[in-house]
Amino acid sequence: MSLREDPVAFLRMLYDTAVDAARPTFGPQHFFDLDPNRPALVLGAGKAAAAMAQAFEAAWSGPVRGLVITRRGYGKPTRHIKVLERDHPNPSDDNIRATEQLTDLAKTCQADEQVIFLVSGGGSSLLCQPVDGLTLTEKRDTIRALMHAGADIREINAVRRQLSTVKGGGLADICHPHKVFTFAISDVVGDPPLDIASGPTVPDSATPRDALRILKRYNVPLSDTLFGILDRDARPQKASAGAGSYRFIGTPMTSLRAAAKAAEQHGVPTIIFGDDITGEARDVGARHARLAVKYADGTCPVKLPCVLLSGGETTVTKTGDGKGGPNTEYLASLFLHLEGHPAIFALAADTDGIDGSEDNAGAIISPETWHKASAASLDAATYLGDNDCYSFFKALDSLLVTGPTYTNVNDFRAIYLE
């Protein structure tokens with residue numbers, strides 16, 4: 001049986017291709033303003049940090065030392081760069097201690113060393129050092145409340161930067177007067193360096209009051225301590241935040257294009273909606289369902305079979321107490337609005353292998369999924385209402401569980417039309 005004859009396997013192949021395209025590699029083209037024969041001090045944070053460190057060691061000729069922080073279970077063997085596995089998405093005191101180790105090491109940079117920073121999605125939680133006067137618990141609860149209120153990643157990171165000593169250029173300041181050369185794998189729509197792990201090496205021109213306005217907009221509770229920290233016009237000026245260069249070794253569009261190429265090699269044309277899809281996950285799912293039905297039924301002229309690809313980062317405004325992330329919420333909404341269409345299959349998953357905080361990357365649906373749900377009296381609308389889409393797809397044996405992928409270029413969605 002060919003992959004085209006097994007749409008579920010075909011969709012999984014496209015996901016795997018997208019993830020593979022985002023795995024970190026380094027070549028001479030990345031080091032054009034560096035001397036790979038000189039010593040390097042390597043620092044890093046993110047879900048891909050250990051894999052990036054491993055790849056960097058393989059490509060660098062000179063002496064290397066350093067430390068990176070990654071999610072538990074996302075470690076990789078390295079020769080010279082120490083890897084610390086810490087908590088994500090909810091930082092703990094272990095994260096703070098690991099961050100202290102990293103910043104202490106940054107302060108030991110020698111005159112002949114080049115400072116390298118390896119950053120990827122997840123770094124905001126893993127690299128954690130609250131500003132003076134703010135407890136980790138209060139910072140963590142504030143960010144969680146903002147997430148549950150439906151704030152997007154740029155708003156969340158704007159608040160994080162004002163509550164951290166290492167974000168928004170803080171790490172570059174610690175490394176002053178040395179320049180910091182940053183290599184990034186992007187997990188944020190539009191690839192803005194300031195929002196990838198909240199920009200530890202990128203200067204932030206925003207003010208604490210900007211963060212305060214965001215928290216008020218989403219009705220996040222403000223303690224007297226938090227209000228006092230944010231009710232001011234500016235943070236202390238940084239010495240050299242942003243000095244050095246910043247370049248990407250992985251982006252969402254690179255992965256979408258790799259998946260599109262793989263589909264076309266199997267004779268299946270593709271339409272890429274974009275790598276910048278945002279909004280409420282359930283709303284995007286409903287909109288994509290309507291488009292998919294139009295394509296499948298011939299309302300929109302397209303040669304079948306075909307695949308509709310998209311990336312980006314949707315949000316979930318949490319009103320229920322269930323489990324799940326934006327990809328399962330998107331897919332449950334898509335499932336509900338497709339109403340068992342006999343020619344449409346779909347996959348939605350995060351490229352880091354974790355959708356929200358559970359053990360799945362996302363889920364896959366087919367026309368058969370609709371029949372299974374009906375036979376088991378499982379109502380997608382009820383699960384959506386309780387933000388419990390993980391449980392819905394688990395009951396249908398439709399979860400996509402990949403384990404660590406060691407990279408992160410955000411959400412990947414593929415809809416296959418027969």
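In which loop is Asn387 found? Asn387 sits in the loop between α14 (380-385) and α15 (389-395). Helices (H or I, at least four residues) and strands (E, at least two) are DSSP runs, numbered from the N terminus. The model is predicted: local features need pLDDT of at least 70, side-chain atom pairs count only at pLDDT 80 or more, and totals for chains, interfaces and linings use all residues. Residues are numbered from 1 along each chain as its sequence is written, and side-chain values use heavy atoms, with hydrogens and water left out.

The overall fold was described next. The secondary structure of the chain comprises 15 helices and twelve strands. The chain has a radius of gyration of 22 Å, close to the 22 Å given by the globule rule for 418 residues, so it is as compact as a globular protein of that length. That radius is taken over C-alpha atoms, and the rule is 2.2 Å times the number of residues to the power 0.38. The C-alpha trace spans about 65 × 50 × 35 Å along its principal axes.

Of the 418 residues in the chain, 57% are buried. Buried means under 20% relative accessible area, exposed over 50%, and partly exposed in between (1.4 Å probe, protein chains only). Contact means heavy atoms within 4.5 Å. Among contacts between residues at least 6 apart in sequence, 79% join residues at least 24 apart.

One joins His176 and Pro177, with omega about 10 degrees. Pro177 is placed in the loop between α7 (170-175) and β5 (180-185). The other runs from Leu304 to Pro305, with omega near 0 degrees. Pro305 occupies the loop between α11 (281-296) and β8 (306-312).

Ser198 is not a glycine, yet its phi is positive, at about 65 degrees. Ser198 belongs to the loop between β5 and α8 (208-217). Ser198 is buried, with a relative accessible area of 0%. Asn387, also a residue other than glycine, has a positive phi near 50 degrees. Asn387 is buried too, with a relative accessible area of 3%.

Charges were then examined. The chain carries 42 positive and 51 negative charges, and their mean positions are 4 Å apart. Lys and Arg count as positive and Asp and Glu as negative, while His and the chain ends are not counted. The place of a charge is NZ of Lys, CZ of Arg, CG of Asp or CD of Glu.

A salt bridge is a side-chain nitrogen of Lys or Arg within 4 Å of a carboxyl oxygen of Asp or Glu. By this rule the count is 19 salt bridges. Arg23 and Asp20 form one of them, at 2.9 Å, N to O. Arg23 is partly exposed, with a relative accessible area of 34%. Asp20 is likewise partly exposed, at 45%.

Arg79 pairs with Glu57 in a salt bridge, the closest N and O atoms being 3.9 Å apart. Arg79 lies in the loop between β2 (64-71) and β3 (81-86) and Glu57 in helix α2 (residues 49-59), so the pair ties together parts that are 22 residues apart in sequence. Arg79 is exposed, at 60% relative accessibility. Glu57 is buried, at 5%.

Asp195 and Arg161 also meet through their side chains in a salt bridge (3.1 Å, N to O). Asp195 is in the loop between β5 and α8 and Arg161 in helix α6 (residues 153-162), so this pair ties together parts 34 residues apart in sequence. Both Asp195 and Arg161 are buried. Elsewhere, a network of salt bridges links Arg72, Asp87, Asp94 and Arg97.

Gly244 falls in the loop between α9 (224-230) and β6 (246-250). Gly244 is partly exposed, with a relative accessible area of 40%. Leaving aside neighbours within four places in sequence, Gly244 is in contact with Lys179 and Val180. Gly244 and Ile415 are 171 residues apart in sequence. In space, Gly244 and Ile415 are 41 Å apart, C-alpha to C-alpha.
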